[in-house]
Amino acid sequence: MDVNKKIENLISENDVCLFMKGTADAPQCGFSMAVSNVLKHLNINFKSVNVLEDENLRQGIKDYSDWPTIPQLYVKKEFIGGCDIIKEMFEKGDLKKLFEDKKII
Amino acid sequence: MAMDLKEIESLIKEALSDATVEIQDLAGDGNHYSATVTSKEFSGKSKIEQHKMVYNSLKGKMGNELHALSITTEGK
């Protein structure tokens with residue numbers, strides 16, 4: 001399947017979709033772990049996609065979002081940001097608000 | 001591959017001429033940095049746009065030569 005189509009399916013089928021290195025239970029990068037922990041802390045049910053299992057996807061998601069790093073968080077098909085933005089939003093309470101506004105929590 | 005702190009700073013300043021750039025080498029390995037960038041050009045832009053401006057200034061090095069750069073952006 002075309003990688004863009006695959007990404008579109010993933011973010012359409014999952015309201016909260018985190019592209020990360022490793023899995024939510026076993027992250028393989030500190031930045032991915034940080035975002036995964038923030039989502040767990042907010043009790044968000046999310047789909048994690050391990051880009052290390054798929055080289056096409058690892059590059060594909062960077063091209064799709066025009067964003068050079070992993071992790072990347074999508075909420076209802078919208079790109080929210082990478083690790084720095086998510087952490088900053090969490091600390092300011094903006095992330096919780098975003099999930100509330102998007103009717104996730 | 002590693003990248004020099006001064007090189008990161010000068011690339012960012014080349015793209016955002018009024019920027020104040022503070023960089024820390026987090027692990028002392030030339031590979032994990034944290035940068036706080038303050039610029040007037042960030043005003044009215046979303047965080048995603050602001051971070052993209054910093055990434056773009058690094059001309060594709062982010063995610064390649066530069067493994068980890070944590071970014072904080074602030075308007076002036």
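Author: The model is a predicted one. In chain B, 29% of the 76 residues count as buried, and the part examined here, helix 2 of chain B, contributes several of them: Lys47(B), Gln50(B), His51(B), Met53(B), Val54(B), Tyr55(B) and Ser57(B) are buried in that helix.

The setting of this helix comes next. Chain B holds 2 helices and 3 strands, and read from the N terminus these elements follow the order α-β-β-α-β. The radius of gyration of chain B is 12 Å, close to the 11 Å that the globule rule gives for 76 residues, so chain B is as compact as a globular protein of that length. Along the principal axes, the C-alpha trace of chain B spans about 35 × 20 × 20 Å. Among the contacts in chain B between residues at least 6 apart in sequence, 55% join residues at least 24 apart.

What covers the buried residues of helix 2 of chain B? The cover draws on both chains: it includes helix 1, strand 2 (32–39) and strand 3 (68–75) of chain B, together with strand 4 (78–81) and helix 4 of chain A.

Helix 1 of chain B comprises residues 5–15 and helix 2 of chain B residues 47–57; their axes come within 8 Å and cross at roughly 115°. This crossing of helix 1 and helix 2 of chain B is right-handed. On the side of helix 1 of chain B, the contact is made by Leu11(B), Ile12(B), Glu14(B) and Ala15(B), and on the side of helix 2 of chain B by Val54(B), Asn56(B) and Ser57(B). By class, this contact between helix 1 and helix 2 of chain B has 4 nonpolar, 2 polar and 1 charged residues. After helix 2 of chain B comes Lys59(B), which has a positive phi, near 50°.

The account now passes to the other chain. The contact between the chains takes 9 residues from chain B and 7 residues from chain A. On the side of chain B that touches chain A, helix 2 and strand 3 of chain B are the elements that give two or more residues. Helix 2 of chain B gives the most to this side, with 4 residues. The residues on this side of chain B divide into 4 nonpolar, 4 polar and 1 charged.

Chain A, which supplies part of the cover, has 5 helices and 4 strands, arranged from the N terminus as α-β-α-β-α-β-β-α-α. A compact globule with 105 residues would have a radius of gyration near 13 Å, and chain A has 13 Å, which agrees. Taken along the principal axes, the C-alpha atoms of chain A fill a box of roughly 35 × 25 × 25 Å. Buried residues make up 35% of the 105 residues in chain A. Of the contacts in chain A with a separation of 6 or more, 62% are between residues 24 or more positions apart.

Helix 2 (residues 30–41) of chain A and helix 4 (residues 83–92) of chain A pack at an angle of about 30°, with their axes 9 Å apart, and their crossing is left-handed. Here Phe31(A), Ala34(A), Val35(A) and Val38(A) of helix 2 of chain A meet Cys83(A), Ile86(A), Lys87(A) and Phe90(A) of helix 4 of chain A. The residues of that contact divide into 7 nonpolar, no polar and 1 charged.

Helix 5 (residues 94–101) of chain A is another partner: its axis and that of helix 4 of chain A come within 5 Å and cross at roughly 90°, which makes helix 4 of chain A roughly perpendicular to helix 5 of chain A. In this contact, Ile86(A), Met89(A), Phe90(A) and Lys92(A) of helix 4 of chain A meet Asp94(A), Leu95(A) and Leu98(A) of helix 5 of chain A. By class, these residues are 5 nonpolar, no polar and 2 charged. Ile86(A) and Phe90(A) take part in the contact with helix 2 of chain A and also in the contact with helix 5 of chain A.

Notes
Residues numbered from 1 in each chain as written. Chains lettered and ligands numbered in written order. Predicted model: local features only at pLDDT ≥ 70, side-chain atom pairs only at ≥ 80, totals over all residues. Axes fitted to C-alpha atoms, helices over the stretch in contact; angles between N-to-C directions. Left-handed = near helix turned anticlockwise from the far one by under 90°. Contact = placed C-beta atoms within 7 Å. Nonpolar A, V, L, I, M, F, W, Y, C, P; charged D, E, K, R; others polar. Rg over C-alpha atoms; globule rule 2.2 N^0.38 Å. Buried ≥ 20, exposed ≤ 12 C-beta atoms within 10 Å, placed from the backbone. Parallel < 35°, antiparallel > 145°, perpendicular 65-115°, else oblique.
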